[in-house]
Amino acid sequence: MTPEHAQAVLDGKHSGLTRAAFPSDAFDVYVTYVPLAQGSRQLTVYGQWDWRDDFVGQAAPEDIASHQFSYPDCVRHGNLAANTGMWDGSVTNRATLRDAGVSSKAPIWNIHDGTSGFANLTDNGCVTSTLNAANCTVGGPAQVGIAFAYEANRGGSVVSVSAGFGALSVGYSNQGDVLRKSSQPIYGAL
């Protein structure tokens, strides 16, 4: 079979075949945080995804990743960044910031997935944010909630996205297969 024929089969464009739905174990998501420095009242938050290395075929215009925060108004989030890579450790840089989440406390990234030579170009990745509670001076430590959500999209064109703590809403002009996974929220004090 030629690579073109195989890709056509994966895309559901050959012999009337259609793609199977995403298996529920196609990828995993994680959320973690690390204090920036002792006593700094800052955390770096990491939202990560990792596709099964033997799973290829999720390519679409874009997937969506979102940090979701709950914190008092004196806390700020910033230093928003993202990295993507292939199963072999190659860096692909296929993520862009869609919305900084200033009012929603939920920054959103576009993950421009795709394949090359049957390898997933966004097999794994990480979005990062920094939470800063330096302006919180009254009432003791600032209580924060942290979560991460990733929605894989195959075949649909994303037209709208919104997020908040515990919520991610993605609208499509022609929805294909989607699979959303979210981390359990974690809580801490800054």
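**A walk through the strands**

Among contacts in the protein chain between residues at least 6 apart in sequence, 71% join residues at least 24 apart (contact means heavy atoms within 4.5 Å). Keep in mind that this is a predicted model, where local features need pLDDT of at least 70, side-chain atom pairs count only at pLDDT 80 or more, and totals for chains, interfaces and linings use all residues. Residues are numbered from 1 along each chain as its sequence is written, and side-chain values use heavy atoms, with hydrogens and water left out.

Of its 190 residues, 44% count as buried, where buried means under 20% relative accessible area, exposed over 50%, and partly exposed in between (1.4 Å probe, protein chains only).

Let's stop at strand β6, residues 108-111. Ile 108 and Asn 110 point one way, Trp 109 and Ile 111 the other way, and all are buried. Strand β3 (residues 63-70) pairs with β6 in the antiparallel sense over four bridges, and Asp 63 has Ile 111 as its bridge partner in β6. Pairing takes at least two DSSP bridges between two strands. Strand β5 (residues 95-99) also pairs with β6 in the antiparallel sense, over four bridges; here Thr 96 has Asn 110 as its bridge partner.

Now hop to Ile 186, in strand β14 (residues 186-189). Ile 186 is partly exposed, because its relative accessible area is 26%. Beyond residues up to four places away in sequence, Ile 186 touches Val 31, Thr 32, Tyr 33, Val 144, Gly 145 and Ile 146. Ile 146 is 40 residues from Ile 186 along the chain, yet their C-alpha atoms are separated by 5.3 Å.

Methods
Helices (H or I, at least four residues) and strands (E, at least two) are DSSP runs, numbered from the N terminus.
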